[in-house]
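Subject: Model handover

Hello,

Here is the model for your set-up work. My notes follow below it.

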Amino acid sequence: MPDELGFDELLDDGGLIARLLGKTAAGRKRELLYGEGTDLPVVLLVGGPGMGKGRLLRCIRTRFGPRVPTAYLDCAQTDARELAEEAPGSRSEVTEVLRKIALQYGDWRGDGGRIVVPRLYAGLAAVAASDRLARAAPLVDEVGRLDGILPPGSFWRGVLKGTARNYAGYLAGLVTTPLAGPFLNALLDGLFARVSTEGRAALADCYGEYPGAGGHPQAGLRALGEDFQQGGEARRIAEGFLFRALRQDIDAAYHGVRGRITRVGRPALLLDHADGALGRRLVKPTLEDRERGHHDRLVVFATARREDGGRFLHRAGSSHDSMATWQPFTGTLPAWSRPPGGVPDHAPLWRGVLLVRMPVLTRDGQKDEIGRLRGGHEQPDNAVRLRIHSGVHRLSGGRPRFVTRLGEAAAATAFPTPEQCTDWAILDARVRAGEDEQGRPVADRPVADVLVDELIDRQRPEELPPEHRSHWLDLLTHLSVAHDVECAQTLMRAVQEGRTEQLNAYRIAELLEDTGWPRCPRHFIGDLGLRRLLTRRLYRLRERGAAWHADHALLQGHYRDLGDRHPDALFVTAAAHRMHHLLASDGADLVTRYLADAFRTRPVDEWCEELLAIADAALIGADDDRYARALGETQVRGDTLRRQVDRLLHAVWLTEDRTQPLEEIVPGVLRGPLRELSEELARIADEAVRHQGPEGADVARAADGAALLIRMARDWGDRAEDKQPLKRCVCTEHIGFG
């Protein structure tokens, strides 16, 4: 997949990235978005799995990194945590990532040269020297290790290491207990004795503002070390202040005569997976500082999976309707300013965020990507090519990862006819799955299995309890047949029976939202492509679809026990909900009989609602005779009404499921039975008039129903011709079914 796929508008010379950074990818100067020296938002790139957030950060790093100082951090990596665990009294995960970021700015080779970080250096040294349990030699080594974040030749490099070594040597023969208190004091005394007036002022401006320092930088550094040792919230404050010190160091590189002459634009910090625990410990203090008026010029690009950026941004009970949100391809750049009236330490963090929703690929972009992936392969005939484009569009919803993987699979597979190029066939097409740990190619796998690994197994929710990690995928797989939370909870009770620790459906819904998957009022798994992946996996979980049939049978029993007339928010009645699961698992004959009987007694508008809800069922693992039954080519037992209902049911089922090419005759097939049923109701109305008079209740019901069915014949037929679902749904409202 090209890193730039779908990002043209974001990356071009007049796009959001160039205007925020003040330089194009070619190095030309651009007017700064939001002005010079003003309050800046944290730019939060939001989108669920497969939307390309990490890819966009790589593009910024590759294209703009040579033009402005840029540092990158993947907050999901564990190397910083492992380094911190080697010396927990002198390091933490945050101090290690700050050191990692500083090293990248110190290696900058572009205009203006390296960025020196004396403020961060002093703060990290205070932390390293504050370990109450460490002895002299380890403390000296820990302080000396920090010299690596300073460029060679820097005045600051070696200052603290020399002071530490001299003091430790003096006490070596006298002290046998840990040295934390006197060691830190000696370290700071030596630093302030040797540093220049300018350097002393820099430290005073920074650490003199530490809580409780009263303007005295040495007191601030001591307090910072003590807070770090205390742990908990005190350590969080110390770590956040260290990040402020780094941002002040970066700002200082742009000040003074040399900085103003040699440096143009703004520096960038790229934080991937920033909605995790580590990322929040960097983003949150930045937002808090800027809310308090501590502005800096660092452009922070961070990624998050939740649509609202993450729960940590929003105070409980507060509205975030005014949150600045921008979608690329709107033709304008986002306006942003901090909303007025915020009270520091009490204002919600979203006030300092610009939320950028990751773009989906347009239909043309999808076609271009599929064509690129096919490359020199023989082009399929036009009908097959259109069917591939339609299937990829519907399954992917425009998610770039989905599009590329499905395009790779389609390019490597020969589909003889459009009829054989169903959604299930595309998902079964095999694709290269990468390499193993030794770099050897892994055997080709069905693209559906690869996508499940990439989008679900490797992107589990952060808050998923450890005891549920091994079967998280299985839980979601069973939930692919669920609709509302009641339906999902029924499945979860059965699937987790016998487990001491269980996840309820309400918590699973929240975890899915935290992972970035959309919600849909009609489907528990609210993304059509994800639901197809899980449906396919459920059918293959046990031989001959046993797990699939068992889950549908379980739900049939649940809704039977509720009673047929029990109200159901999605299906009108529990009986209709039961019929949906019967249709998906056991065929249509009993469903046809139910609908025919209900047609004689129920209001027609309710009956149509039930029909649409019932027919929204996946057909998998069975011979597909829906066209034959929709055309009336299959013998159906029963009277004329039952045959009409059977034809209509199968035409609606074809239109709503849409896992295979929809032939042009289907809109007509939809209209025919609806008009015939309308005529049947008109006949019933005429009969009722003769027996009851024109004011009878049966007359009104039949007449209203006849008129409604004529409208339905027109509306449903038109929607089918436009390749739109008959019932609107969040899953398909942005992509259609074409």
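F329 counts as partly exposed because its relative accessibility is 44%. The classes are buried for under 20% relative accessible area, exposed for over 50%, and partly exposed in between, with a 1.4 Å probe and protein chains only. F329 lies in the loop between β5 and β6. Its phi is near 70°, a positive value in a residue other than glycine. D345 is found in the loop between β5 and β6 too. D345 is not a glycine either, and its phi is positive at about 75°. At 52% relative accessibility, D345 counts as exposed.

Some ground rules. This is a predicted model, where local features need pLDDT of at least 70 and side-chain atom pairs count only at pLDDT 80 or more, while totals for chains, interfaces and linings use all residues. Residues are numbered from 1 along each chain as its sequence is written, and side-chain values use heavy atoms, with hydrogens and water left out.

Overall layout

The protein chain has 31 helices and 10 strands. These are DSSP runs, numbered from the N terminus: helices are H or I with at least four residues, strands E with at least two. The C-alpha atoms fill a box of roughly 110 × 55 × 55 Å along the principal axes. Of the 738 residues, 57% count as buried.

Second largest pocket

A 1 Å grid over the protein atoms alone was used for the voids. A pocket is an open set of points with protein on both sides within 12 Å along at least five of seven lines; a cavity is a set where a 1.4 Å probe fits but cannot get out. Lining residues have an atom within 4 Å of a point. Points are joined across faces, edges and corners, and a volume is the space filled by probe spheres set on them.

The second largest pocket holds about 760 Å³ of space. Its lining has 26 residues, and G276, R305, R460, P461 and E462 lie nearest the centre. Helix α14 (residues 277–291) gives the most to this lining, with 4 residues. By class, the lining has 7 nonpolar, 6 polar and 13 charged residues. Here Ala, Val, Leu, Ile, Met, Phe, Trp, Tyr, Cys and Pro are nonpolar, Asp, Glu, Lys and Arg are charged, and the others, Gly among them, are polar.

P461 sits in the loop between α19 (447–457) and α20 (472–478). P461 is buried, with a relative accessible area of 6%. Its C-alpha is 5.5 Å from that of T515, 54 residues apart along the chain.

Largest cavity

There are 5 cavities of 30 Å³ or more. About 320 Å³ of space lies in the largest cavity. It is lined by 25 residues, with H523, R531, R532, D616 and A618 nearest its centre. The elements giving two or more residues to the lining are α23 (528–541), α24 (546–562), α25 (574–586) and α29. The largest share, 4 residues, comes from α23. The lining divides into 11 nonpolar, 7 polar and 7 charged residues.

Helix α29 (residues 640–657) has 18 residues. It reaches 26 Å from first C-alpha to last, close to the 26 Å expected at 1.5 Å a residue; the expected span is 1.5 Å times one less than the number of residues. Of its 18 residues, 14 are buried. Just after α29, R658 takes a positive phi of about 50°.

Aromatic contacts

The structure holds 5 aromatic pairs. Rings of Phe, Tyr and Trp (its six-membered ring) pair if their centres lie within 6.5 Å; planes under 30 degrees apart are stacked, over 60 edge-to-face, the rest tilted. Y34 and W336 have ring centres 6.2 Å apart and planes at 65°, so the pair is edge-to-face. This pair links distant parts of the chain, 302 residues apart. Y34 and W336 are both buried. Y539 and W548 are edge-to-face as well, with centres 6.5 Å apart and planes at 65°. Y207, Y210 and F241 are linked into a cluster by ring pairs.

Two arginines sit over rings. The charged end of R235 is 3.8 Å from the ring centre of F228. For R247 over F243, the distance is 4.8 Å. The rule takes NZ of Lys or CZ of Arg within 6 Å of the ring centre and within 35 degrees of the ring normal.

Best wishes
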